[in-house]
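Subject: Structure for your review

Dear colleague,

Please find the structure below, followed by an account of what was found in it.

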Amino acid sequence: MRAPRFNPLHLAGWLFADMLLVLALVAMGDQGDPLAAEAAPPKASGSAKPGPTKSARPKGPRAVTRTPVKVSIDAAPGDRARIQARLRAVTARYEGRQAAFVLTFGRHSDPGAGGDYAHEVNSLLEKARPQMFKGATTRDFWKGGSSGGHADLEIYFYTY
């Protein structure tokens, strides 16, 4: 009796199912935020009478922006007061928004020291701006550089 041979046609169904799953995920990820569209004020025309206004606070789950706000700080490692002051300065224009998560890249020639600096910066985020960074998820990364004392932050805010 002969052993059955492998037939690649048997994998066609699995390949089709995997491709369909990927297509569905891409389609779902490309959808706009319907709650943001509802919250947008209608365009006013010259003949329209002002009616009752909707609540300013959107309803439903929050979403996270797709593109980060990128800021950089320069302060010596260990100088916590200077790091906090720089964080307050570079995030001042975003006051009133709430961060969902923050990726911090500490620059240094040594990966350990760069990651430590990123961790130090992340530990001071909530002290610098309590309302903006309360409950935000942070991640520490190293980014190659010639000297320490510099961090690049990518802040992903909630949409409202």
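What percentage of the 160 residues in the protein do buried residues make up? The share is 24%, where buried means under 20% relative accessible area, exposed means over 50%, and partly exposed lies in between (1.4 Å probe, protein chains only).

Two remarks on the source come first. This is a predicted model, in which local features need pLDDT of at least 70 and side-chain atom pairs count only at pLDDT 80 or more, whereas totals for chains, interfaces and linings use all residues. Residues are numbered from 1 along each chain as its sequence is written, and side-chain values use heavy atoms, with hydrogens and water left out.

The protein contains six helices and four strands, taken as DSSP runs numbered from the N terminus (helices: H or I, at least four residues; strands: E, at least two). Their order along the sequence is α-α-β-α-β-α-α-α-β-β. Helix α1 covers residues 12–29 and spans 26 Å from its first C-alpha to its last. Of its 18 residues, the number buried is zero, so α1 lies largely in the open.

Leaving aside residues up to four places away in sequence, Ile73 has among its contacts (heavy atoms within 4.5 Å) Ile83, Leu87, Val121 and Leu153.

Three salt bridges are present, each being a side-chain nitrogen of Lys or Arg within 4 Å of a carboxyl oxygen of Asp or Glu. One of them joins Glu95 to Arg129, with the closest N and O atoms 3.7 Å apart. These two residues are 34 residues apart, in the loop between α3 and β2 and the loop between α5 and α6 respectively. Glu95 is exposed at 59% relative accessibility, while Arg129 is buried at 14%.

Asp152, which is buried at 12%, forms a salt bridge with Arg107 (3.0 Å, N to O). It also forms a salt bridge with Lys143, at 3.7 Å between the closest N and O atoms.

Yours sincerely

Notes
The expected span of a helix is 1.5 Å times one less than its number of residues.
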